Amino acid sequence: MKILLYNPDNGVTRNFMPHLWMFLLQALTPPGHEVVLIDGNAQPMDEEGIARYVREQNIGLVGIGAMTRMIAKAYRMADAVRAAGVKVVMGGPHVTEMADEALGRDGGSRHADAIALGEADETWPRIVEDAARGTLKDVYAPLDPFGQERKPSLQPYPVIPWNKIKLDQFNLLPGILHPLLKRVGTGWGTFRIIPVESGRGCPYGCEFCTVTGFFGDSIRFRTNESVVNELLLLKARAREEGGQIAVFFIDDNFAINVKRTKSLLRDIIAANAQVHWVAQISANLLRDEELVDLIAASGGKWIFIGMESIDPANLADVKKGFNKPSEYAAVLERLARRNVYAITSFIFGMDNDTPGVAERTLKEIRSWPPGLPIFGLMTPLPATPLYKRLEAAGRLTRPKHWQQFIPFAMAHTPLKMSIEEAHNEVRMGWASSYSPEANEKAVDSLNHKPLGYRINILIARLCFRGIYFPQMGRFAWLKVFAQNRKTIFKLVKQGFSAWRGVRLSSAHGL
Ligand code: B12
Ligand code: SF4
């Protein structure tokens, strides 16, 4: 049977990284079946396109995975596939939380023939065999022999054959420049960001987050050896294709067990498996100097920190009191001293937020080492404690907000400001953080560092700006380059002087 795994785009921003679930399920598919992957972010497709594709390619089963914000598109695509006479199985966080919706048991129409609840590592092979036999069931749940929910162990973990998988759709550099860029430095013909997990689960239970409910509060890790081997495979691939690979450790809290993280990072260094990497780590775990040393030595470049708010009352409200705003600056400086920078994530529209929250937050951010701040709105995702609290209080203004996804729009009323005010605060956060002046300041603040760091932060900033201000087409990018021309020219000039310096020294035999 030929199986298509499909992840829809969110229609607003383009994901820079493929979704791990597709590669994982592909690796877990029993032998005898062919699996093809389409990520809508890299290969945009509409309903008609997917229906045509499944017919022409003789697809026997389509697996669709989606987060809440892409679910409306996922349902439309599933409907089109089913109308073409092909069975659809859906999985992922949203479907797990709203199973009746996907199966049409909530009064709406049915979108999926079957759904996979929770982690599907162990149920996927069964789903495939049932589909091949024509005996697909409605619901697949990971249960132990006593009918209790069972979380798969990550030991053993399947080998994802990164050296063989076709990754053409996931190159972040224009293919046309491949022959030229391949010869630059150690090779820049391709640049891919690859998701790798080293563990699952987070016990912290923040009120707005689905992770503790979905993956459970018991943490599971892969063996160090299996992670190291995966990095070596990725490194070898990059070398072979004359390109670069960076890894996003998608664990929700990569250092949740500091002792284990240190041992993994030591093993990465010992095996010479370092690649540039990004990971999510909560600020409280970054107090450890030895951990931060190992992060830097093993290739860590960017750490995503869910700061959420600079107001301790807000943090206490959402059960994230372990975040201490008073130590944010020290944490960021500790990282920056090792040339590691942070993606700092904030949520506006929390219950203790009042108008002016953006400016108060920006004032703090401006006093920190340069980074990549991101701003979102408090969003009641289905099945989270936050959703239940707001629902019980009658505060949801769009209880099924995912059915008509609107980016950066609230679905409930905050307590101390209006929805409109919260939207304005987010707009201000983005506009002020990613203005050409702010970008120039961030680049200049790294003047004492090698040029590569300045180029890196400018590219990252221009890309991150697009999370809020859509910049999907070529024209939009040209406009961004034009707005930031002063900083770009400055870097080009510095690059040229550095290059001339090297040429002159070598000409004089220095
Ligand atoms: C990496 C990541 C991202 C990446 C993008 C995704 C990518 N390219 O990988 C980035 C950093 C860009 C990102 C951004 C956002 N993310 Co995010 N992200 C994650 C994260 C940390 C890891 C995802 C992952 O790969 N997990 C590991 C895999 C193995 O798990 P999985 O995807 O759930 O897949 C398993 C099962 O669900 C199931 N499954 C999944 N799909 C399918 C399909 C089929 C057919 C079947 C059978 C089974 C199946 O099988 C898999 C194996 O067991 C998760 C949290 C988490 N731990 O999962 C949050 C998470 C998915 N993100 C979340 C959110 C909210 C966001 C944002 C909206 C945040 C924001 N406010 O801006 C944005 C929106 C992104 C966008 N572009 O639209 C939520 C989604 C909740 C929900 N109900 O939708 C999560 C769960 C985190 C949370 N705090 O609750 N994210
Ligand atoms: S620490 Fe992060 S992953 Fe863990 S529950 Fe809180 S927000 Fe979710």
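This is a predicted model: local features need pLDDT of at least 70, side-chain atom pairs count only at pLDDT 80 or more; totals for chains, interfaces and linings use all residues.

Biologist: Fine. What do the buried residues of helix 9 pack against?

Modeller: They pack against strand 7 (191-196), strand 10 (244-249) and helix 10 (258-270).

Biologist: And which residues in helix 9 are buried?

Modeller: N224, S226, V227, V228, E230, L231, L234, R237 and A238. On spacing, an α-helix has 3.6 residues a turn, so residues three or four places apart point the same way.

Biologist: What follows the helix?

Modeller: Helix 9 is followed by G242, and the phi of G242 is positive, near 60°.

Biologist: Switching to the core. How many residues does the largest nonpolar one have?

Modeller: It has 139 residues, and M90, F249, L286 and I305 have the most contacts inside it. Helix 3 (residues 71-83) gives the largest share of this core, with 7 residues.

Biologist: Take L286, then. What is it in contact with, beyond its neighbours within four places in sequence?

Modeller: Its contacts there are I281, L291, V292, I295, I303, I305, V331, R334 and L335. One of these, I305, is also on the list of residues with the most contacts in the core.

Biologist: Now the ligands. Which residues are around ligand 2?

Modeller: C202, Y204, G205, C206, F208, C209, T212, D252, K320 and F322. By type, that shell divides into 6 nonpolar, 2 polar and 2 charged.

Biologist: With those cysteines about, how many disulfides does the structure hold?

Modeller: It holds 0.

Biologist: How does C209 count for accessibility?

Modeller: C209 counts as partly exposed, because its relative accessibility is 26%. C463 also counts as partly exposed, at 41%.

Biologist: Last one: where is A409 found?

Modeller: A409 is in the loop between helix 15 (385-392) and helix 16 (419-433).

Biologist: Buried or exposed?

Modeller: Buried, because its relative accessibility is 18% and the cut-off for buried is under 20%. Neighbours within four places aside, A409 is in contact with L377, R398 and H423. A409 and M378 are 31 residues apart in sequence, with their C-alpha atoms 9.2 Å apart in space.

Conventions:
Residues are numbered from 1 along each chain as its sequence is written. Chains are lettered from A and ligands numbered from 1 in the order in which they are written. Side-chain values use heavy atoms; hydrogens and water are left out. A nonpolar core is a set of buried Ala, Val, Leu, Ile, Met, Phe, Trp, Tyr and Cys residues joined through side-chain atoms within 4.5 Å. Buried means under 20% relative accessible area, exposed over 50%, partly exposed in between (1.4 Å probe, protein chains only). Helices (H or I, at least four residues) and strands (E, at least two) are DSSP runs, numbered from the N terminus. Contact means heavy atoms within 4.5 Å. A residue is near a molecule or strand if one of its heavy atoms lies within 4 Å of it. Ala, Val, Leu, Ile, Met, Phe, Trp, Tyr, Cys and Pro count as nonpolar, Asp, Glu, Lys and Arg as charged, and the others, Gly among them, as polar. A disulfide is a pair of cysteine sulfur atoms within 2.5 Å.
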